[in-house]
Amino acid sequence: MGTYARIIGTGGYLPESQRTNEDISLLVDTSDAWILERTGIKSRRIAAADESAASMAEIAARQAIEVAGIAAEEIDAIIVATGTPDRVYPSTACLLQHRLGIQQCVGFDVQAACSGSIFALSIADQYIKTGMYRKVLVVGSEICSRVVDWTDRGTCILFGDGAGALLLEASAEPGVLSTHIHSDGQYEELLYLPNPQVASALTKDDVGFINMRGNEVFKVAVNTLGRIVDETLAANNLDKTAIDWLVPHQANIRIIEATARKLKMSMEQVVVTLQHQGNTSSASVLLALNEAVRDGRIQRGQILLLEAFGAGFTWGSALIKY
Ligand code: ACO
């Protein structure tokens, strides 16, 4: 019998302060009605000045550890997905390891923009399946509010801050059934976050804000997510009807609805958190999973399809028997 990576705990953290669409309409030429209609977002959380990707990751991780009922020292590896690390190095995973008081495990970051949590989950799954590690902590943590240009109405309406976490453990019971990750670097200019300190004259990137051609990203995202749904079902020899819950990246309600339509799923079977969280990039899928596990919607034994799409472009999915 093979070894599966099984979810034994989830956690999440959202900063206290809310920024509503009305608040944003005081900053840029937009309106609550426009944002709600085009994105489904009503408000997002904004981290306090003393919060960071590492501090939010710690709270989400401690929750997952508590739910799992394990000691932090039992963790073999910490994989953090973030595009907004406290420091380029040490990695946010190393900072988190120290915050959790662990010395004996390995920690590293994964950078795949909004798909980061799926990439981190996929890596964790390989380690567990091969027997290299038994317990792996996966975290997505983002402080998007600090890399958003609050004068750009095309991006500032979308993003929010937060952290999500899950703990995986080796088990004879399923488990993660499959993960699928992809990237295609040809779309660099459609969505990028410059690193101004190392930007060359070539890129002329002198500020570290998210740049996005939203409408073009939107179209590629819808098509790509449709394809990855097919790929995931085919790899598992499953029909659409086998999926109990879609847990999508929370970028735009219209993208989520398109994926649900493709799966012929009612929106009742889709976990949607973006109305009050916005797009929390690599935290979003883990936050959505945590919310639906905690409120009892997701039950043991159910089949979950997690998916995400982000800068790179990167995209990925995970099929999980919870
Ligand atoms: N308020 C009012 N009007 C606006 C706003 C705004 N906030 N933003 C744009 N507009 C205007 C535009 O200027 C344009 O006006 P025009 O027709 O006079 O030129 C019009 O609205 C339509 O603009 P579009 O960009 O075509 O609007 P669209 O319906 O595509 O919605 C949005 C924009 C919400 C950004 C959408 O394209 C989107 O969600 N894109 C995908 C984002 C995404 O999935 N990103 C990937 C993950 S993020 C990551 O990896 C970091």
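This is a predicted model: local features need pLDDT of at least 70, side-chain atom pairs count only at pLDDT 80 or more; totals for chains, interfaces and linings use all residues.
## Overall fold

Let's start with the whole chain. Its secondary structure comes to nine helices and 13 strands. The radius of gyration is 18 Å, close to the 20 Å that the globule rule gives for 322 residues, so the chain is as compact as a globular protein of that length. Along the principal axes, the C-alpha atoms fill a box of roughly 55 × 45 × 40 Å.

Of the 322 residues, 56% count as buried. Among contacts with a separation of 6 or more, 75% come from residues 24 or more positions apart. The accessible surface comes to about 13,900 Å², and carbon and sulfur atoms account for 49% of that area.

## Helix H5 and its surroundings

Helix H5 covers residues 116-129, which makes 14 residues. From first C-alpha to last it reaches 20 Å, close to the 20 Å expected at 1.5 Å a residue. Ten of the 14 residues are buried, so H5 is largely enclosed by the rest of the structure. Among them are Gly116, Ser117, Ile118, Phe119, Ala120 and Leu121, and the buried set also includes Ala124 and Ile128.

In the loop between strand S5 (106-110) and H5 sits Ala113, whose phi is positive at about 50 degrees although it is not a glycine. Ala113 is buried, with a relative accessible area of 17%. Just after H5, Gly131 takes a positive phi of about 85 degrees.

## An aromatic cluster

The structure holds three aromatic pairs. In one of them, the rings of Tyr187 and Phe313 have centres 4.8 Å apart and planes at 20 degrees, so this pair is stacked. Tyr187 lies in the loop between strand S8 (176-183) and strand S9 (191-192), while Phe313 lies in the loop between strand S12 (303-310) and strand S13 (314-321), so the pair ties together parts that are 126 residues apart in sequence. The rings of Phe309 and Phe313 have centres 4.7 Å apart, but with planes at 50 degrees that pair is tilted.

Together, Tyr187, Phe309 and Phe313 form one aromatic cluster.

## Cis peptides and one more positive phi

Phe313 turns up again in the backbone geometry. The peptide bond from Gly312 to Phe313 is cis, with omega near -10 degrees. A cis bond also runs from Pro174 to Gly175, with omega near -20 degrees. Gly175 is placed in the loop between strand S7 (161-171) and S8.

Ser281 is another non-glycine residue with a positive phi, near 50 degrees. Its loop runs between helix H8 (274-277) and helix H9 (284-294). With a relative accessible area of 9%, Ser281 is buried.

## Cysteines

How many disulfides does the structure hold? The count is zero. For Cys94, the closest cysteine sulfur is in Cys105, 8.7 Å away, which is too far for a bond. Cys94 counts as partly exposed at 31% relative accessibility, and Cys114 counts as buried at 8%.

Methods. Residues are numbered from 1 along each chain as its sequence is written. Side-chain values use heavy atoms; hydrogens and water are left out. Helices (H or I, at least four residues) and strands (E, at least two) are DSSP runs, numbered from the N terminus. The expected span of a helix is 1.5 Å times one less than its number of residues. Buried means under 20% relative accessible area, exposed over 50%, partly exposed in between (1.4 Å probe, protein chains only). A disulfide is a pair of cysteine sulfur atoms within 2.5 Å. The radius of gyration is taken over C-alpha atoms; the globule rule is 2.2 Å times the number of residues to the power 0.38. Contact means heavy atoms within 4.5 Å. Accessible areas come from the Shrake-Rupley method with a 1.4 Å probe; for residues, only the protein chains shown count as cover. Rings of Phe, Tyr and Trp (its six-membered ring) pair if their centres lie within 6.5 Å; planes under 30 degrees apart count as stacked, over 60 as edge-to-face and the rest as tilted.
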